[in-house]
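I opened my notebook for a friendly look around one protein model. Here is what I looked up, entry by entry.

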Amino acid sequence: MSSEVGAAAAELGATFPTVIPPDAQVLRDAQARQCELTKPPGSLGRLEDVACWVAACQGQCPPRALARVRVVVFAGDHGIARAGVSAFPPDVTAQMVQNFRRGGAAVNAIADAVGAGVRVVDMAVDDGFPGADSGAGEVGAPAAGGDPVRAYKVRSSSGSIDREDALTAAETIAAIGAGRAIADEEVDAGTDLLIAGDMGIGNTTPATAIVATLTGLEPVVAVGRGTGIDDAAWMRKTAAVRDAMFRARHFVGDPVALLRAIGGADLAAMAGFLAQAAVRRTPVVLDGLIATAAALVAAQLAPGCADWWLAGHRSVEPAHDAALERLHKPPLLDFGMRLGEGTGALTAVPVVRAAVATLSNMSTFADAGVSGAAD
């Protein structure tokens with residue numbers, strides 16, 4: 001980190017303790033148990049890998065069923081959206097936050113179907129409600145009283161990253177701290193699988209800029225169609241990503257400065273959330289481009305935290321592939337999804353539950369009285 005921002009991060013709580021990896025001995029025990037179950041070894045493919053990963057994360061074999069799955073949707077507006085980089089106007093963000101609260105969005109429908117809970121937090125929605133003065137108080141502490149959705153709000157909209165910083169240094173630290181506090185709240189409430197979702201018109205632009213900056217991807221290769229933009233909007237978006245990357249070119253090794261320059265309060269909070277989930281030894285299923293861009297930054301904030309993550313799906317956004325490759329995370333699903341909100345990760349939850357069930361509930365050859373291949 002740069003000396004100024006790095007010192008601020010240390011002082012205000014954006015540094016993270018050493019991440020303890022998932023239990024290696026339990027992983028070996030789970031892999032051994034897979035060979036004892038009534039099936040040919042390896043015959044369940046990646047389900048076996050997922051089950052062993054969950055067991056290692058839980059520190060027990062067989063693993064217990066996932067009792068509380070939660071998606072936290074981090075909402076925020078971005079100044080770059082007013083440059084015509086999206087098919088939708090910026091005021092849709094605030095409207096969608098209300099839709100989440102009413103239970104009417106795709107994330108709500110899928111969460112209900114897979115037995116997960118949904119929480120939405122307003123980090124920087126441009127809805128006329130200013131953010132709390134986070135820089136003057138305890139970082140990551142919710143505002144007293146008021147609307148819980150806005151309890152951690154940092155500001156109204158982030159800056160236009162093609163020509164100005166997304167956040168101030170203090171706002172960046174506050175947003176990271178907010179994500180960290182939200183992860184703590186969810187884990188303390190008994191959540192055993194977390195998902196970071198997103199909502200923000202224009203948010204694929206900063207996410208793409210972050211991924212391209214950290215992976216070296218050229219803007220013309222990295223930029224996708226987002227909400228379904230036409231050629232003219234794609235050219236505007238590509239130019240915005242190019243200009244943002246130029247502004248952030250010195251911050252490849254400085255995650256706090258990178259979030260300040262070309263991220264946003266929602267992305268910074270997501271990075272803090274993903275890093276803290278790993279600190280708290282709680283597994284995460286990653287969603288699409290926005291969450292995975294935040295994950296790239298989180299991996300710098302808390303080295304080793306990627307061991308606690310599983311990629312739920314592959315987005316059609318080209319930058320998502322580059323981010324998954326950098327994280328060495330092959331996706332579970334490839335359904336052509338690009339909505340965000342946490343929907344792709346939620347769709348993968350039944351696969352994770354099925355994987356856990358096979359390792360936990362299947363009989364061994366000895367239990368079933370079935371002759372194993374080695375007999």
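**Ground rules.** I am working with a predicted model, where local features need pLDDT of at least 70, side-chain atom pairs count only at pLDDT 80 or more, and totals for chains, interfaces and linings use all residues. Residues are numbered from 1 along each chain as its sequence is written, and side-chain values use heavy atoms, leaving out hydrogens and water.

**Largest pocket.** I first noted the term: a pocket is an open set of points on a 1 Å grid over the protein atoms alone, where a 1.4 Å probe fits, with protein on both sides within 12 Å along at least five of seven lines; lining residues have an atom within 4 Å of a point. A volume is the space filled by probe spheres set on the points. The largest pocket holds about 450 Å³ of space. I found 29 residues in its lining, with Asn-203, Thr-227, Arg-338, Leu-339 and Gly-340 nearest the centre. Helices H4, H7 and H12 and strand S3 each supply at least two lining residues; helices (H or I, at least four residues) and strands (E, at least two) are DSSP runs numbered from the N terminus. I sorted this lining into ten nonpolar, twelve polar and seven charged residues.

**Second largest pocket.** Its volume is about 330 Å³. Of its 16 lining residues, Asp-49, Trp-53, Trp-309, Leu-310 and Lys-329 are the closest to the centre. Helix H3 gives the most to this lining, with five residues. Here I wrote down ten nonpolar, one polar and five charged residues. In both tallies Gly counts as polar, and Asp, Glu, Lys and Arg as charged.

**Asn-99.** I found Asn-99 in helix H4. Is Asn-99 buried or exposed? Asn-99 counts as buried because its relative accessibility is 18%, and buried means under 20% relative accessible area (1.4 Å probe, protein chains only). Leaving out residues up to four places away in sequence, Asn-99 touches Gly-104, Ala-105 and Asn-108, where contact means heavy atoms within 4.5 Å.

**Strand S1.** I checked residues 69-76, and eight of the eight are buried. Val-69, Val-71, Val-73 and Ala-75 point one way, while Arg-70, Val-72, Phe-74 and Gly-76 point the other way. Two strands pair if DSSP finds at least two bridges between them. S1 pairs with S2 in the parallel sense over eight bridges, and Val-69 has Ala-116 as its partner in S2. S1 also runs parallel to S3, joined by seven bridges, with Phe-74 opposite Asp-198.

Terms used: Buried means under 20% relative accessible area, exposed over 50%, partly exposed in between (1.4 Å probe, protein chains only).
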